[in-house]
Amino acid sequence: MSGSHPRRRTPRGPLVLDTRELGRRPGSLLRVQARVEVPAGLGTEMIWIASGAPAELDLRLESVIEGVLVSGTVIAPLTGECARCLDPVSDTVTVELRELFYYADRAVEAGEDEDERVLVDDRADLEPALRDALVVDLPLSPVCRPDCAGLCVDCGVRLDDVGSDHTHDSADPRWAALSGLARDTSTGPDPAIDTPGRGADRGDDVRP
């Protein structure tokens with residue numbers, strides 16, 4: 001049929017929800033409380049949910065005319081590294097979800113073409129929705145603690161380990177260039193090199 005979605009494979013995985021029990025009856029409710037292992041690839045470069053980490057699902061599935069509305073929370077442990085000192089960082093994230101998964105026929109009517117928002121064989125794949133929500137919730141630059149001093153730009157040591165008096169003696173390269181120029185001028189001209197007027201100053205006999 002023109003404009004219909006191509007046949008999709010039935011999604012599988014720990015974050016796939018089976019909605020068959022709702023039976024496409026608007027107003028039907030289903031509560032999902034489960035502990036699942038999270039698949040890989042959820043998070044950012046600096047902080048993420050480790051593959052296989054346990055996540056607590058507390059979700060409400062509600063049948064509506066267009067499809068199934070999934071709402072609730074996902075709680076999972078975070079692993080990463082401090083953006084300042086690169087030490088390991090661990091935390092817990094609570095992600096609030098509210099996502100409408102369309103029935104395939106309703107998705108065509110509404111013009112929806114996002115795979116993650118369409119039920120396939122009455123299954124709702126929560127992974128793409130969770131991934132999108134995490135990008136918003138996770139910090140861009142996680143830190144091990146708010147007052148982390150970071151690393152020394154000269155030697156890379158953790159500044160919290162060496163104290164605030166840690167310094168390095170380093171000359172400004174601009175001053176080094178000036179010092180070299182001063183040394184060159186202080187030596188004066190080479191006496192072996194004749195200059196205009198030197199012969200006259202010595203009283204040499206200059207014949208026409």
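A salt bridge here is a side-chain nitrogen of Lys or Arg within 4 Å of a carboxyl oxygen of Asp or Glu. By this rule the count comes to eight salt bridges, and a few of them are walked through below. This is a predicted model, in which local features need pLDDT of at least 70, side-chain atom pairs count only at pLDDT 80 or more, and totals for chains, interfaces and linings use all residues. Residues are numbered from 1 along each chain as its sequence is written, and side-chain values use heavy atoms, with hydrogens and water left out.

**Asp 18 and its partners**
- Asp 18 forms a salt bridge with Arg 123, their closest N and O atoms being 4.0 Å apart.
- This pair links distant parts of the chain, 105 residues apart: Asp 18 sits in strand 1 (residues 16-18) and Arg 123 in strand 8 (residues 123-125).
- Helices (H or I, at least four residues) and strands (E, at least two) are DSSP runs, numbered from the N terminus.
- Asp 18 is partly exposed, at a relative accessible area of 32%; that class falls between buried (under 20%) and exposed (over 50%), using a 1.4 Å probe and protein chains only.

**Asp 105 with Arg 24**
- A salt bridge joins the side chains of Asp 105 and Arg 24 (3.5 Å, N to O).
- Asp 105 lies in helix 1 (residues 104-110) and Arg 24 in the loop between strand 1 and strand 2 (29-37), so the pair ties together parts that are 81 residues apart in sequence.
- Asp 105 is partly exposed at 39%, and Arg 24 also counts as partly exposed, at 43%.

**Glu 99 with Arg 117**
- The side chains of Glu 99 and Arg 117 meet in a salt bridge (3.7 Å, N to O).
- Glu 99 counts as partly exposed, with 21% relative accessibility.
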